[in-house]
Amino acid sequence: MAKEGGFVQQLNSITFRRFDTVCSVAADVDDGALAEVKALCERYELLLSRFDSNSKLFALNAAAGEWIEVGEELAGILRVALWYCERTGGLFDVTMGSVCRLWDFKREIVPDADMVAEALAHVNWRNVRVAGARVRIADQQASIDLGGIAKGVIADGVAEFLRGCGATAGVINLGGNVLTLGDKLDGSPWRVGLRAPVPSGGKLEAASFASVAVCGKSVVTSGVYERAFMRDGRVLHHILDPRTGLPAVTDVLSATVVSDASIDGDGFTTALVVMGAARALAFAEQTPGIEAIILTTQGQLLHTSGVVGEAGRFSVSA
């Protein structure tokens with residue numbers, strides 16, 4: 001329990017819109033530190049954007065296969081992202097940009113099959129080479145999209161900044177990517193809701209079905225209800241399979257990863273959805289540092305051995 005002068009400190013909070021979502025940060029720091037958090041998120045948005053012509057990532061994608069200086073920070077992020085590509089056997093692939101830009105889940109646009117096939121030919125994370133602060137994409141038509149890992153990178157960066165400001169308690173919520181700092185000020189754990197899709201007016205909307213109790217951990221959930229729409233009786237969702245360029249055909253409705261670092265949640269959750277329930281559970285069980293909770297299309301609730309709980313309430317062992 002954080003105290004100052006014998007009194008429990010209060011959490012200050014800030015809410016703002018970034019990364020095309022609502023972000024909220026609360027911590028036992030002053031308003032000045034929270035204002036710097038917002039500025040930090042703005043800097044990260046530029047660093048990781050493939051759309052902003054002022055970003056190094058934009059320049060890299062436009063470099064036509066040439067080596068380009070991107071700076072130590074972006075090169076380091078790309079190096080880590082490639083590790084997740086390798087660890088998941090390519091089910092997470094940072095070169096899905098050529099395919100992702102064809103889909104528009106807001107306007108419910110489905111791309112032509114031939115266009116998807118052509119773009120898919122340029123999806124291969126092994127074409128990305130990193131040497132120091134220089135990066136090259138060997139395939140001139142490939143495009144890196146860091147959207148699948150960006151919020152994890154940012155949440156970890158915000159947490160590091162807040163700890164440097166002396167924060168001992170807090171919660172960072174970047175559009176559902178949740179990272180907690182320590183316990184709550186009263187010494188109790190943070191409770192993070194887990195959501196599942198339910199039909200509503202011809203669409204899928206998220207509803208809470210359980211919660212996980214954590215202290216100083218990240219909770220990231222990916223599900224087929226996010227950025228999804230119905231077409232001809234099928235759910236078309238934003239979790240694209242790098243093997244097909246299409247929404248993943250899976251028996252996983254949602255996959256939640258609990259870990260120390262938020263980047264682990266981003267790096268693994270979408271791949272767990274693509275894997276399917278049985279393989280995803282085995283993969284998570286064999287991956288050090290993460291626990292997983294998986295909800296299947298049959299309504300089964302599966303979890304790794306480090307998760308215990310009942311009646312929709314879960315805790316995670318240290």
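Biologist: What is the mean pLDDT of the protein, and where is the pLDDT below 50?

Modeller: The mean pLDDT is 89, and 89% of the residues reach 70 or more. Over residues 1-8 the pLDDT is below 50, although this stretch has 14 contacts in the model beyond near neighbours in sequence. Where pLDDT is low, the predicted coordinates should not be read in detail.

Biologist: Why is D241 called buried?

Modeller: The cut-off for buried is under 20% relative accessible area; D241 has 7% relative accessibility and therefore counts as buried. D241 is found in the loop between β14 (234-236) and β15 (252-259). Leaving out residues up to four places away in sequence, D241 touches L91, M96, L246, A248 and V274.

Biologist: How do you know that the span of helix α6 agrees with what its 15 residues should give?

Modeller: At 1.5 Å a residue, α6 (residues 150-164) should span 21 Å, and its end C-alpha atoms are 21 Å apart, so the two values agree. G166, which follows α6, has a positive phi, near 95 degrees.

Biologist: Which elements do the buried residues of α6 pack against?

Modeller: The buried residues of α6, among them V153, I154 and L162, pack against β4 (21-27), α1 (31-48), α3 (72-87), β8 (170-174), β9 (177-181) and α7 (262-275).

Biologist: Which residues have the most contacts inside the largest nonpolar core?

Modeller: In that core of 73 residues, they are L48, L60, I144, L146, I154, L162 and I172. A second, separate core has 11 residues, including V192, L194, V214 and I293.

Conventions
Residues numbered from 1 in each chain as written. Predicted model: local features only at pLDDT ≥ 70, side-chain atom pairs only at ≥ 80, totals over all residues. Heavy atoms only, no water. pLDDT = per-residue confidence, 0-100. Contact = heavy atoms within 4.5 Å. Core = buried A, V, L, I, M, F, W, Y, C linked by side-chain atoms within 4.5 Å. Buried < 20%, exposed > 50% of the residue type's maximum accessible area, 1.4 Å probe, protein only. Helix = DSSP H or I, 4+ residues; strand = E, 2+ residues; numbered from the N terminus. Expected span 1.5 Å × (residues − 1).
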